[in-house]
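The sequence and the model are shown first, and the notes follow by topic.

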Amino acid sequence: MNDKQGQTENHQFNAEVGRLLDLVVHSLYSDREIFLRELVANSADASDKRRFEALTDASLALPENSNIQITPNKSEKKLTISDDGIGMSHDELAQNLGTIARSGTRAFGEKLSSAKPEERPSLIGQFGVGFYAAFMVADQVDVTSKKAGSDEAWTWSSNGKGSFTLTPASRSHAGTDIILHMKEDAEEFLDNWRLRSVIRKWADHISWPITLRETKEDGSHEDITINQGTALWKKNKSDITSEQYTEFYRHISHAFDEPYVTMHWHAEGTTEFTSLLFLPSERPFDFMEQQTRESHIHLHVRRMFITDNAELVPNWMRFVQGVVDTEDLPLNVSREMLQTTPVLARIRKAVTKKVLAEIKNKAKTADEKFNSFWENFGAVIKEGLWEDSEYKQEIASFARFHSTHSDDLTTLDDYISRMKEGQDAIYFLTGDNLASLKSSPQLEGFRSRGIEVLLLSDPVDAFWPERLNSYNDKVLRSVINSHSDLDKFEDKDADQTEPANLDTLLPILKDALGDNVKDVRNTERLKGSAVVLTSEGGPDLTMQRLMRRSGQSLPEVPPILEINARHPLIKNLSEKVAEGKNIHDYALVLLNLAKLQEGESLKNPNEFSQLLLNLLVNK
Ligand SMILES: Nc1ncnc2c1ncn2[C@@H]1O[C@H](COP(=O)(O)OP(=O)(O)OP(=O)(O)O)[C@@H](O)[C@H]1O
């Protein structure tokens, strides 16, 4: 919404911003100092952008000695953060500071309100509320900005309570001033010592000089550069503390966790580059929902930021954060060149191999930290089993899986070491969640024969086994399609009771179910359950379900209904048939029950409940 009053325009925040502001202001009280990190990071990004644009348009060049300046004004209770960056136009101010492009704010809000106070900064970092952190310390924020290359400047102004204004302004040169009108209880951030310590903590590695304007007693000013302003990755490893690495990681990934692994190396040979990469220890809150699957490792050329879209590692490694800096590309490298240059192809290969080697190395330790890393990112890594023909066997060698063997995760090698004599396949079952997989009737025949089954519950699990196909000469086979394999193994718990005679029952069930099933047959693999679904040929049941859910049209593939002739219900039905009773309704209930067991949704749940109720009443 926007109504013009003279020159000043009034706008409403979109609803998501309002909610988010409320959360940020009220949930992060004890970590307020992060506002400075967020604002300085934005200024550094804006300066990077302008420097990059200036490579192809000299009129946008940054002024000499460009910096990010922080000016406290105690008497007016104002703190100003100024940069010479790319700036924002009228529309960009409204768009960037008035709306939230990312979905999931509500979910984030719920998670934030229920999180423990000490977990909140990490959540907020995962979400990246950035600019809005300003309202933790300020009851009014003015942003005056002039876009590089434009003559217009505008001031965006808001008290963070639902609306903002845009007013024409003047600024002598391009860039942005963020003016914070500090809350009474945040005046500590107007003290030089406090500002220095916060800047050192958060911004030491930022490659732009950050200056603090200190006012002397006689009223004169002095600009003091606070940060070291060196590209951290260019320093010697021995001169970098683990705190500095952590701060750099947090800066580049907008996160709050500790890196799980830090990889800092210099590659020499045909292509020369320096790389500082990190594996996160926590998963960003909306990581799995993100629409883009590309990696965002920053590419620098001779220390200058070029892009975070160079896709320096495959998509299944997109959780890797950090910087690659090379001397072997020109500074004005174009987008087309990024896609075709062999230099980048070589860097990609080397970086991917290095990260892969590091993950494999960590996997060997098989400790809790690795397991937690796997819990966080395994679902993404497994995408590589599906789409990365070059590395899929290597990924398979360290991938972890749940299985029927124990509650601990297992590797494929360990699974193979436990295979039964005569077993030539790695069996798996896919489904929506671990709990329902564990109790699936599909497992009964495998359990009673002591055959281990991998339990796969990530959406990607429905796809990759088909492409991986085999590991160490052992094929991977879904239990749903492998029941005939069970005949090879002795069933120690075989039920010795007399089974029902199915000669008449089977044809009647089949007739009652018609086109809804491909076949109805007896099975020896069920123990406690009466029925189970299976399929023959075509995609397995879980795959079919996932494909339908993702909106793909799929011809109806009727399943096979298998029944357990030793189950009391089946015996009972067989007697009813012998007595000449109609069991049509029972047949439908059996099929629907089998579908529910598989986690499928019924086409007509009301009809099913009515059917079931009638049967219970007339029992
Ligand atoms: N000093 C600045 N100069 C130019 N543009 C800015 C500046 N500060 C913010 N912006 C713009 O406003 C947008 C929103 O900033 P905000 O900090 O909320 O999120 P972000 O930086 O995109 O992501 P994150 O939340 O992960 O930090 C930025 O993407 C940028 O386009």
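Arg449 and Asp491 are both buried in this predicted model. Their side chains form a salt bridge, with an N to O distance of 3.8 Å. The pair connects distant parts of the chain, 42 residues apart: Arg449 lies in the loop between helix 15 (444–448) and strand 18 (454–456), and Asp491 in the loop between strand 20 and helix 17.

**Other salt bridges**

- The structure holds 36 salt bridges.
- One of them joins the side chains of Asp424 and Lys488 at 3.8 Å, N to O.
- Asp424 is partly exposed at 38% relative accessible area, and Lys488 is partly exposed at 49%.
- Arg521 and Asp519 meet through their side chains in a salt bridge of 3.8 Å, N to O.
- Arg521 has a relative accessible area of 25% and counts as partly exposed; Asp519, at 22%, is partly exposed as well.
- Arg32, Glu33, Asp185, Glu188 and Arg194 belong to one network, joined by salt bridges that share partners.

**Helix 10**

- Helix 10 spans residues 368–381 and has a kink of about 50° centred on Glu375.
- Its buried residues include Phe370, Phe373, Trp374 and Phe377.
- The cover over the buried residues of helix 10 includes strand 11 (259–267) and strand 12 (273–280), together with helix 9 (342–365), helix 11 (383–387) and helix 12 (392–398).

Terms used. Residues are numbered from 1 along each chain as its sequence is written. This is a predicted model: local features need pLDDT of at least 70, side-chain atom pairs count only at pLDDT 80 or more; totals for chains, interfaces and linings use all residues. Side-chain values use heavy atoms; hydrogens and water are left out. The bend at a residue is the angle between axes fitted to the seven residues ending there and the seven starting there. Helices (H or I, at least four residues) and strands (E, at least two) are DSSP runs, numbered from the N terminus. Buried means under 20% relative accessible area, exposed over 50%, partly exposed in between (1.4 Å probe, protein chains only). Contact means heavy atoms within 4.5 Å. A salt bridge is a side-chain nitrogen of Lys or Arg within 4 Å of a carboxyl oxygen of Asp or Glu.
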